[in-house]
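Work through these exercises with the model open. Each task is followed by a solution in short steps.

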Amino acid sequence: MFPILVAAAALAVATAMSAQTPGAAPKSAAGFPTSAYAELGSSMGQASHFGEIGWTDEQFGAFIDGMRAAFAGKPFEMDDTGHRLSAEMGRRIDGIDAGAKGPFTGDFPLSAYSAFGSSVGLGGHFGEVGWTQDQFDAFAEGMRSAFKGTPYEVEDSARQLAADMGRRIKAIEAGTPTQQAAPPFDPSKLVQYMKDASARYHLQLSESGLGYSVTPGRNGIRPRLGDTVVISCNAVAFDGVTKLPQLSSGRIHSKVEQMFPGFREGLQMMTVDSHAIFVLPPALSFGHGAWPEGVTQGSPIIFEVTLLDVVPAPAPKP
């Protein structure tokens, strides 16, 4: 669950949470500001619907305790009750994403919540990505803030941290060192680059500057801004060779309105099972904000995207 959420956060726009009531993030520290860890935790908590699944404070506390244990290198064992809780969580999240309402079912001991938290912590490789105790504490506090219904506003530093986390997790799981960025890009050559890319990849150029090529899918349902999409996404740098694993994932859940401007535009051209190539100029990706480590700042990014599913936004109440 966790690596997928990290990748989704890396593709979210900096203002994805700005319409919601923010809490007060912790003060800054060296490197990424401490607030970025809190904002990332808050974003993960919201994406996981922790405030909507019916957990009590005690249950959520046990879950966080399990994550802390994994961070400290002493995770709780995932027993049968933990696995059943994990399955129930998956069912509840899918139901919430689909707009369904229903109570959280199952009578689970607190140990199951701790075991489930440890499992998520191990999946996130918290003990291996180089976080300090203060950084992890800020992340956990951000998750708690989302659980309480007072999420933090997500800033550029949190987006960069999310991308960095995605890169580190992929490198850890692959057992390989992190990849260096492509060579610098000359911004004065952007117009010619987009023309050349359009010819190379047989793209059309939209008025916004998006380069796109979309193949038809199996039905005519196109996602809208408020819908949630499930996509697979492979990203490469402007040179067409350097892979960008920190921006790639086999399965990403995200609302369309919370994604890059280029994705918001391009995904609305697709239907389920559509395959697309998007070439995003910098204004349609990270723009003037913080760029992830390993991605050349101010450069176009090439994405291969498949739209796997669309979860329509719930109908407004009469």
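**Exercise 1. Helix packing**

Start with handedness: α3 and α5 cross in a right-handed sense. This is a predicted model. Classify the angle between the two axes, then describe the contact of α3 with α5.

*Solution.* 
- Take the geometry. The axes of α3 and α5 (residues 110–123) come within 6 Å and cross at roughly 40 degrees.
- Classify. Angles under 35 degrees count as roughly parallel, and 65 to 115 as roughly perpendicular. That makes α3 oblique to α5.
- List the contact. On α3, the residues include Glu-58, Phe-63, Gly-66 and Met-67. On α5, among them are Tyr-113, Phe-116, Gly-117 and Gly-121.
- Sort the contact residues. They divide into 10 nonpolar, six polar and one charged.

**Exercise 2. Aromatic pairs**

Classify the ring pairs Phe-50 with Trp-55 and Phe-60 with Phe-147.

*Solution.* 
- The structure holds 26 aromatic pairs.
- Take Phe-50 and Trp-55. Their centres are 5.4 Å apart, with 40 degrees between the planes; the pair is tilted. Phe-50 and Trp-55 are both buried.
- Take Phe-60 and Phe-147. Their centres lie 4.3 Å apart and their planes meet at 5 degrees, so this pair is stacked. The cut-off for stacking is under 30 degrees.
- Check burial. Phe-60 has 0% relative accessibility, so it counts as buried. Phe-147 has 10%, so it is buried too.
- Widen the view. Phe-50, Trp-55, Phe-60, Phe-63, Phe-108, Tyr-113, Phe-116 and Phe-147 form one aromatic cluster. Phe-63 in α3 and Tyr-113 and Phe-116 in α5 also belong to the helix contact of Exercise 1.

**Exercise 3. Positive phi**

Locate His-202 and Asp-273, give the phi of each, and decide how accessible each is.

*Solution.* 
- Recall the background. Most residues other than glycine have a negative phi.
- Take His-202. Its phi is near 55 degrees, a positive value. His-202 lies in the loop between α8 (190–201) and β1 (204–205). Its relative accessibility is 65%, so it counts as exposed.
- Take Asp-273. Its phi is near 75 degrees, again positive. Asp-273 lies in the loop between α9 (261–267) and β5 (275–280). At 40% relative accessibility, it counts as partly exposed.

Technical notes:
Residues numbered from 1 in each chain as written. Predicted model: local features only at pLDDT ≥ 70, side-chain atom pairs only at ≥ 80, totals over all residues. Heavy atoms only, no water. Phe/Tyr/Trp six-rings, centres within 6.5 Å; stacked < 30°, edge-to-face > 60°. Buried < 20%, exposed > 50% of the residue type's maximum accessible area, 1.4 Å probe, protein only. Helix = DSSP H or I, 4+ residues; strand = E, 2+ residues; numbered from the N terminus. Axes fitted to C-alpha atoms, helices over the stretch in contact; angles between N-to-C directions. Parallel < 35°, antiparallel > 145°, perpendicular 65-115°, else oblique. Left-handed = near helix turned anticlockwise from the far one by under 90°. Contact = heavy atoms within 4.5 Å. Nonpolar A, V, L, I, M, F, W, Y, C, P; charged D, E, K, R; others polar.
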